[in-house]
Amino acid sequence: MKSRRDFLLKIGGSALTLPLVSALTPAQAAVLPETSPVADKQLRVVLVGLGSYAERVATAMKDCKIAKLVGGVTGTPEKVGKWSDKFGLDKANFYDYKDFEKIKDNPNIDAVYITLPNSMHHEYTLRAAKMGKHVICEKPMSVSVKQAQEMIAACKKANVKLYIGYRLHFEPYTRELIRMRESGELGKIMHVNTYDGFKSGNPNQWRLKKALAGGGALMDVGIYCINGARYATGEEPIWVSAEEAKTDPVKFKEVDETVTWQMGFPSGVIASCSTTYNFNNFERLYVIGEKGFVELGPAFGYGPIKGRTHKGEMSWDTTKMHQTWQMDGMADCILNGKPEPNISGEEGLKDMKVIEAIYKSIAAGGKKVPV
Ligand code: NAD
């Protein structure tokens, strides 16, 4: 009798990367990393800013085979001992923000992953590029188009990679949506409806301060709708029109609370989108074509992502954390030249251009603004 392992090997993929029901698609095979054994050459990464998202990435990276977490950058000395114990890291690979440039002389570090508040992404990307280290930077990549352009230029000049932490481009449900659209299974795309948001808690957090966050819900989670509408259509928006509803002007004095916008694409498709910091259970990406549809919901959070298409329920591997897929996938692109999904600095810049256009439209009372 043939074993499950024989069967999995026969259909041509690593068992751990296989979706539960469908076989690995060519599009996924191109970006989903091999998961065993541990790669000979690994991308050695330090996290910059050891906050809550960094902790999630570190946890996910325990299961990585091609990427390896080796250290961190923090302004809180107590975190060095805590992190090195918890994640088995060498204390020699920890730095203070002031010593950041010393990373240059550490041959055991290949890349920095910036998980700082949004307005700090620009400075640390430029500093990392100068040291000749690859940069993975969290979303939103910056707080302005100008900063994003400078980050791209700096990494190009230093000949290092700049990737944005767009984890969903390595996540199986999202990959399948993109594959179905690219293969023509959905036919001509007719419409996208997408929203993402949550009720923000602590009124004193940096996310509500413009100087650190750059903006509110739109920059933080609305960006998933922008990116999602782009990968759902395969097109770049040419105009937006947007409005903001502010029901709590005290808490959201400095940043946007709830934003609703439309994005127009060259084909004539209009994506209808919303984002919020003021309520929960708000997360979907629905793309409808002439021949079929894909509806992901939840679509953007840590999952498990769920979805259905015109063919029925989707069922893919949700056992791995998104950041495990992401970090092994990014390492595979950098070290082994695997084709990159849309995770580059240029892709981040496209989202920043849309964000700026949306804010312009809000300021202009909802007028159509070109992107
Ligand atoms: P956080 O507040 O938990 O962590 C921020 C870290 O930056 C902390 O360690 C803090 O000490 C440090 N820091 C350094 N200087 C600071 C300053 N001047 N003010 C405030 N903090 C400072 O935030 P987070 O939720 O981890 O978010 C960090 C980044 O990660 C953001 O850009 C966010 O958009 C991104 N993020 C991405 C995802 C994703 O799914 N891709 C999810 C959450 C957060």
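## Tour of two helix pairs

Select helix 9 (residues 217–233) and helix 11: their axes come within 10 Å and cross at roughly 115°. Angles of 65 to 115 degrees count as roughly perpendicular, so helix 9 is roughly perpendicular to helix 11. The crossing is right-handed. Keep in mind that this is a predicted model.

Now show side chains at this contact. From helix 9, pick Leu218, Met219, Ile223, Ile226, Asn227 and Arg230. From helix 11, pick Glu347, Lys350, Asp351, Met352, Val354, Ile355, Ile358 and Tyr359. By class, the contact holds nine nonpolar, one polar and four charged residues.

Next, move to helix 6, residues 145–157. Its 13 residues reach 18 Å from first C-alpha to last, close to the 18 Å expected at 1.5 Å a residue. Color its buried residues: Val145, Gln147, Ala148, Met151, Ile152, Ala154 and Cys155.

On the helix 5 side, select His121, His122, Thr125, Leu126 and Ala129. They meet Gln147, Glu150, Met151, Ala154 and Cys155 of helix 6. This contact divides into five nonpolar, four polar and one charged residue.

Last stop: Asn159, which follows helix 6. Check its phi, which is positive, near 60°.

Notes: Residues are numbered from 1 along each chain as its sequence is written. This is a predicted model: local features need pLDDT of at least 70, side-chain atom pairs count only at pLDDT 80 or more; totals for chains, interfaces and linings use all residues. Side-chain values use heavy atoms; hydrogens and water are left out. Helices (H or I, at least four residues) and strands (E, at least two) are DSSP runs, numbered from the N terminus. The expected span of a helix is 1.5 Å times one less than its number of residues. Buried means under 20% relative accessible area, exposed over 50%, partly exposed in between (1.4 Å probe, protein chains only). Axes are lines fitted to C-alpha atoms, for helices over the stretch in contact, and angles run from 0 to 180 degrees between N-to-C directions. Angles under 35 degrees count as roughly parallel, over 145 as roughly antiparallel, 65 to 115 as roughly perpendicular and the rest as oblique. A crossing is left-handed if the near helix is turned anticlockwise from the far one by less than a right angle, and right-handed if clockwise. Contact means heavy atoms within 4.5 Å. Ala, Val, Leu, Ile, Met, Phe, Trp, Tyr, Cys and Pro count as nonpolar, Asp, Glu, Lys and Arg as charged, and the others, Gly among them, as polar.
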